[in-house]
Amino acid sequence: QHAVSNCSTHHRVHLILDYVDATHPYPLPRIQLTAGETVLQTRRSIDLGSEFGTRKSPSFCILGAQKAGTSSLYDYIAQHPLVIRPKRRETHCLDWRWGVLNTNTNNTKKGKQPNANTLEGQRQICESYFHTAELKHHPSLLTGDSTPSYLLHSSLVLPRLRRIFPWCTKLLAVLRNPTQRAYSHYCMVTSIEGTDEQKVHRGLDWRDKSLEEVIQEEVALMINVGLI
């Protein structure tokens, strides 16, 4: 970490140049700058202006399963200096918030609403949950989604993912001992803690039931619909 002062009333360009020894086991390719080339730098990356938009966002998606360690996996990935977190960890832009524009976007403030009936409008709505516009200037940085309910609603989510983000082919799924996962899921759904939105989606169906009662009802439901 560092701080820089111009010590002047005039603006100046401050460019930090790191170096790698010639004996480094992973030599980096040299980039020949052309006259007038724009170089964009953050504290973690250097990109060329000519590479604008060459990496589309998101680059990866954690699909689930719920209560199987997806939060930890997401945090591990986000620790990498070239990974930028989305505007919210669980975007749900492909299930619960499908067609719902993120209210923190500039488009909303300007009163512009994408047309959710078009592919481009649907994509703009989903992109509002990521730092899409900023990342176009820095293709060496990447971002991704982590919404564990996607695996639960895979028949709905995957076609949308293929349509909206066809370039996002790094799909991650974490599995867990089914018994332990089920008990952890039961504890989450019956918990009185969480945001108002989380409580709404959890519902109250399991709140006054034991785990055994829930399992019996779920088994009966699967029998009725022909799953088992």
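**Exercise 1.** State what covers the buried residues of helix 6, then find which residues these are and how they are arranged.

Solution. The model is a predicted one.
- Step 1: The cover over the buried residues of helix 6 includes helix 3 (119-127), helix 5 (149-152) and strand 6.
- Step 2: Helix 6 spans residues 154-164, and its buried residues are Val157, Arg160, Leu161 and Ile164.
- Step 3: Viewed down the axis of helix 6, these buried residues fall within an arc of 105 degrees, so they line one face of the helix.
- Step 4: In general, an α-helix has 3.6 residues a turn, so residues three or four places apart point the same way.
- Step 5: Ser155 and Arg162 are exposed, on the face of helix 6 turned away from its buried side.

**Exercise 2.** Determine how many disulfides there are.

Solution. 
- Step 1: A disulfide requires two cysteine sulfur atoms within 2.5 Å.
- Step 2: For Cys93, the closest cysteine sulfur is in Cys126, 4.0 Å away, which is too far for a bond.
- Step 3: For Cys168, the nearest cysteine sulfur is that of Cys61, at 5.6 Å, and Cys168 is in no disulfide.
- Step 4: The count is zero disulfides.
- Step 5: Cys93 is buried, with 1% relative accessibility, and Cys168 is buried, with 5%.

**Exercise 3.** Locate Leu175 and decide whether Leu175 is buried or exposed.

Solution. 
- Step 1: Leu175 sits in the loop that runs between strand 6 (170-173) and helix 7 (178-190).
- Step 2: Exposed means over 50% relative accessible area.
- Step 3: Leu175 has 71% relative accessibility and therefore counts as exposed.
- Step 4: From Leu175 to Gly69 the C-alpha to C-alpha distance is 8.3 Å, although they are 106 residues apart in sequence.

Key. Residues numbered from 1 in each chain as written. Predicted model: local features only at pLDDT ≥ 70, side-chain atom pairs only at ≥ 80, totals over all residues. Heavy atoms only, no water. Helix = DSSP H or I, 4+ residues; strand = E, 2+ residues; numbered from the N terminus. Buried < 20%, exposed > 50% of the residue type's maximum accessible area, 1.4 Å probe, protein only. Arc of directions from axis to C-beta. Contact = heavy atoms within 4.5 Å.
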